[in-house]
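Take a look at the fold below.

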Amino acid sequence: MAIVDWRCTPTVAINDPVLMVGMPPRLTAATGMDALTHAVEAYVSTIATPLTDSAAKEAVEIIFKWLPKAVANGADMEARDMMCYAEYLAGMAFNNASLGHVHAMAHQLGGFYNLPHGECNAILLPHVEKFNLIACIDRLADLAKLIGEPVANVSEREAADVFLAAIRRLSADIGIPSGLVEMGKFYGKDVKAADIPTMVGNAQKDACGLTNPRRPTDADVAAIYTAAL
């Protein structure tokens, strides 16, 4: 269950990269991919604005450049500093444009199995955005250009596919598991297809899904979970 209330919102938040130096590579990767998911979902949100777009795009660009460096060497202070900016920008974007079905579905995996939120997001992100593709091809194509992929002479659809491939490649490079079953085994959790119907029902009630660019049926959500296994 997502709990949203002004009483949960801090008056001040301090992001200090020095405090992040001790984060192990796997946690650095997971939290970085959570920030990327915040940015991408905010960018394709149905209530995105020019202000949230600006923050989201800057966050995506920074994360693709600096997250691998932060995972490779946690003491790289420039990488830590840039990731602080990225997660803050992504936070500004999604706190104003909200999120989508990546988060709606990841929340169930966290609640059901106590799996790490960032890794759940990272695994689900390309699957959900592939489903969303027909509703936001232009936006996903924009992000491919933004991160420097060679898409100048291809169609928007091809460019969007390139961006989804880039997400998968980034995840693989920084050690994110390829699927939910693999991730579950690492943490001693048995992610089972039999649990999908329960998670689908809960995901469809999650507030984050309200701003997803494409409306999924229960069968669509189940298919995404199955593909991500």
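This is a predicted model: local features need pLDDT of at least 70, side-chain atom pairs count only at pLDDT 80 or more; totals for chains, interfaces and linings use all residues.

## Overall fold

The chain holds nine helices and zero strands. Read from the N terminus, its elements run α-α-α-α-α-α-α-α-α.

The C-alpha atoms fill a box of roughly 45 × 45 × 35 Å along the principal axes. The radius of gyration of the chain is 17 Å. A compact globule of 229 residues would have a value near 17 Å, so the two agree.

## Burial, surface and charge

Of the 229 residues, 48% count as buried. The accessible surface of the chain comes to about 11,000 Å². Carbon and sulfur atoms hold 57% of that surface.

The chain carries 18 positive and 26 negative charges.

## Helix α8

Helix α8 spans residues 196–203. Its buried residues are I196, M199, V200 and A203. They lie on the same side of α8, because they cover an arc of only 105° around the axis. An α-helix has 3.6 residues a turn, so residues three or four places apart point the same way.

What do the buried residues of α8 pack against? Their partners are two helices: α4, residues 101–113, and α9, residues 218–228.

Terms used
Residues are numbered from 1 along each chain as its sequence is written. Side-chain values use heavy atoms; hydrogens and water are left out. Buried means under 20% relative accessible area, exposed over 50%, partly exposed in between (1.4 Å probe, protein chains only). Helices (H or I, at least four residues) and strands (E, at least two) are DSSP runs, numbered from the N terminus. The arc is that of the directions from the helix axis to the C-beta atoms. Contact means heavy atoms within 4.5 Å. The radius of gyration is taken over C-alpha atoms; the globule rule is 2.2 Å times the number of residues to the power 0.38. Accessible areas come from the Shrake-Rupley method with a 1.4 Å probe; for residues, only the protein chains shown count as cover. Lys and Arg count as positive and Asp and Glu as negative; His and the chain ends are not counted. The place of a charge is taken as NZ of Lys, CZ of Arg, CG of Asp or CD of Glu.
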